[in-house]
Amino acid sequence: MKITVESMQQQGHPKEPEPQKGPAPQRGELEKLKSMSWKGRAWYIWAYYKVHMFLAIMAILLIHVAITSLYRRTFDTAMHCIIINSRGSEVDLSLLDEDFAQYLNLGKKQLVTAETSYIAYGDDANELSYATMAKISALVFSKDLDVIIGDAATIDHFASLNGYIDLETGLSPELLPLVQGRLFYAPGEDMVQRAYAIDISNTDFAAKAHLGQTPPLLGIISNSQRREYTDALIRYIFAP
């Protein structure tokens, strides 16, 4: 009798199990990317890693903001000026944060901070206007704002809150004659008219800075702690 596999199975001998095939080895991410076109790689990375990329970018931005904030704390602000409602040409802030800073002969860690903003008042006020006024109020409260250069509506608004010094009594005998003919009067909180601003139109400063208010008016914040620099700004504008 010829012994075959079939005859052995018939006699009760079990069939040898065939070796089972395991799962095909998966290719690594690098191998997958190498086998793709550049367009395919870009799509694959975006589809599977966009969340990771977003989180990485956010982490980098947060680290950058934290480092910048810590670095900025090593600087001192010599003077902070906000220019409000200058319409027309873009204001040249370098006249303040560079040229005026050089005029003051400041150290490397001392800054003149200048920024621009737009505010509508009364019935024309919008959410951005209220947010800007809240920011200015916070700066005044923390004694971090020294000068506002604005239009008549801006001077009137903050004068009604007693936001500026009375220049007739607040300026030194040296400076007052320089601006005597340019004083701008507005009612304070008690509705009494006071010299709360200086008309700086037709000055080299206003022309070079491209101030667009008609006229541009300069007011000194009532609780400014850096009066030596605000007075220096008046001297810089009128008696350079």
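**Close-up views of charged residues in a predicted model**

**View 1. A salt bridge joins Asp146 and Arg226.** In this predicted model, the closest N and O atoms of Asp146 and Arg226 are 2.9 Å apart.

**View 2. Lys135 and Glu115 form a salt bridge.** The closest N and O atoms of this pair are 2.6 Å apart. Lys135 belongs to helix H5 (residues 127-141) and Glu115 to strand E2 (residues 110-117), and the pair, 20 residues apart, links distant parts of the chain. With a relative accessibility of 40%, Lys135 counts as partly exposed.

**View 3. Within helix H10, Arg227 and Asp231 are four residues apart.** These two residues form a salt bridge in which the closest N and O atoms are 3.1 Å apart. Because Arg227 and Asp231 are four residues apart in the helix, about one helical turn separates them. Arg227 counts as partly exposed, with 23% relative accessibility, whereas Asp231 is buried, with a relative accessible area of 15%; the cut-off that divides the two classes is 20% relative accessible area.

**View 4. A patch of negative charge gathers on the surface.** The residues that make up this patch are Glu90, Asp92, Asp97, Glu98 and Asp99. Asp92 is found in the loop that runs between strand E1 (76-84) and helix H4 (94-103), and at 30% relative accessibility Asp92 counts as partly exposed.

View 5. Of the 240 residues in the protein, 35% are buried, and the structure holds five salt bridges, among them the pair of Asp146 and Arg226. Among contacts with a separation of 6 or more, 67% are accounted for by residues 24 or more positions apart. The protein exposes about 15,700 Å², and carbon and sulfur atoms supply 58% of that area.

Conventions:
Residues numbered from 1 in each chain as written. Predicted model: local features only at pLDDT ≥ 70, side-chain atom pairs only at ≥ 80, totals over all residues. Heavy atoms only, no water. Patch = residues over 30% accessible without salt bridge, like charges linked within 9 Å, V, L, I, M, F, W, Y side chains within 5 Å. Areas by Shrake-Rupley, 256 points an atom, 1.4 Å probe, with all protein chains shown as cover. Salt bridge = Lys/Arg side-chain N within 4 Å of Asp/Glu carboxyl O. Lys, Arg positive; Asp, Glu negative; His and termini not counted. Charge placed at Lys NZ, Arg CZ, Asp CG, Glu CD. Helix = DSSP H or I, 4+ residues; strand = E, 2+ residues; numbered from the N terminus. Buried < 20%, exposed > 50% of the residue type's maximum accessible area, 1.4 Å probe, protein only. Contact = heavy atoms within 4.5 Å.
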